[in-house]
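Hi,

Here is the structure I promised to pass on. Have a look at it first, and my notes follow below.

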Amino acid sequence: MTGLSRTQQGVLFAISAYSMWALAPIYFKALNNVSALDVLAHRVIWSFLLTFAILFALRKHRAILSALSQRRTALGLLASTTIIALNWGVFIWAIQENRILSASLGYYINPIISVFLGMMFLGERLNLVRKIAIALCLFAVVLEIVRFGSVPYIALFLATSFGLYGLIRKRLGVDSFVGMAVETGLLCPLAIGYILLSPNDSARLINNEWQTNMLLFLAGPVSMLPLLCFSAAANRISLGALGFFQYIGPTGMFILAVLVYGETFSAEKVTTFSIIWIALLLLVSHSVRQFLKQQHRKPSD
């Protein structure tokens with residue numbers, strides 16, 4: 001990326017990170033012959049090994065022990081470990097069960113959930129636009145329950161769990177790779193134990209064809225490469241600017257679900273998505289106005 005400004009590099013890294021997250025369903029679909037729990041176990045193991053290798057190469061591996069030596073940080077990471085394991089597991093299961101639209105909806109709702117959690121736990125004040133966005137999100141969920149008799153439980157779980165995960169990690173202030181190494185390290189013994197005891201032959205590499213094993217090995221890079229790009233982007237552009245790219249992920253999932261994997265975009269989904277998109281449009285337009293105001297003030301400071 002020589003010749004590009006730091007901001008341009010940040011934009012490219014952001015687009016790369018969110019594009020990889022958008023295309024993640026293709027990877028998990030390719031592992032349809034392996035159960036979601038088996039895939040989750042391998043994702044934990046290979047993500048830990050890759051993350052630890054990166055930290056070791058950067059000479060940051062001692063930061064893992066430092067994080068665990070602090071009681072508050074250790075307990076917080078234990079909580080985030082539990083949440084991210086459940087989030088990963090439900091996401092993989094949703095992809096394999098042809099619920100990509102539900103997963104997409106969850107990550108569209110997530111920014112609104114994060115705004116609400118920021119108000120509840122971080123004392124962040126809500127302006128009128130954010131209040132309307134939260135109200136629209138609540139209305140969309142209630143409407144789907146009352147009018148169509150279905151609870152969007154997958155979307156709500158993914159949105160809420162990832163929102164809580166982000167809240168905990170924000171309050172802890174731990175480096176993203178150190179935190180991921182601790183989380184996957186805590187899960188690793190459980191993942192190894194599960195693989196050894198799993199009734200599914202596909203859980204153990206010795207029983208699989210080499211193509212399946214290669215896909216399982218790729219669970220580490222699939223998890224870590226977007227995070228590497230995201231971290232690189234966060235170091236080059238503001239979090240506000242970074243937030244403009246976060247909708248690439250669920251939009252890519254939405255396109256894959258409807259155009260590639262043929263999921264039905266039913267009447268209830270059209271209604272729910274439309275309301276959520278209006279809420280997000282309000283949030284994005286407000287963020288753009290705030291960003292432009294900040295940029296306009298800079299020359300006079």
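**What I found**

H42 counts as buried, because its relative accessibility is 3% (buried means under 20% relative accessible area, exposed over 50%, partly exposed in between, with a 1.4 Å probe and protein chains only). Before you read on, note that this is a predicted model, where local features need pLDDT of at least 70, side-chain atom pairs count only at pLDDT 80 or more, and totals for chains, interfaces and linings use all residues. Residues are numbered from 1 along each chain as its sequence is written, and side-chain values use heavy atoms, with hydrogens and water left out.

Back to H42: you'll find H42 in helix 2 (residues 36-57). Helices here are DSSP runs of H or I with at least four residues, numbered from the N terminus. Leaving out residues up to four places away in sequence, H42 touches I195, A203, L205, L216 and A219 (contact means heavy atoms within 4.5 Å).

Next, the salt bridges. There are three in the structure, a salt bridge being a side-chain nitrogen of Lys or Arg within 4 Å of a carboxyl oxygen of Asp or Glu.

- K269 pairs with E144 at 3.5 Å, N to O. K269 sits in helix 13 (residues 267-297) and E144 in helix 6 (residues 128-148), so this pair ties together parts that are 125 residues apart in sequence. K269 is buried at 14% relative accessibility, and E144 is buried at 1%.
- E183 pairs with R169, with the closest N and O atoms 3.1 Å apart. E183 belongs to helix 8 (residues 176-197) and R169 to helix 7, and the two are 14 residues apart. Both E183 and R169 are buried.
- R204 pairs with D201, with 3.9 Å between the closest N and O atoms. D201 counts as exposed, at 51% relative accessibility.

Last, a helix pair. Helix 4 (residues 71-96) packs against helix 7 (residues 153-172) at an angle of about 155°, with the axes 9 Å apart. The axes are lines fitted to C-alpha atoms over the stretch in contact, and angles run from 0 to 180 degrees between N-to-C directions. Helix 4 and helix 7 are therefore roughly antiparallel (over 145 degrees). The contact of helix 4 with helix 7 involves 18 nonpolar, five polar and three charged residues; Ala, Val, Leu, Ile, Met, Phe, Trp, Tyr, Cys and Pro count as nonpolar, Asp, Glu, Lys and Arg as charged, and the others, Gly among them, as polar.

Cheers

Conventions. Angles under 35 degrees count as roughly parallel, over 145 as roughly antiparallel, 65 to 115 as roughly perpendicular and the rest as oblique.
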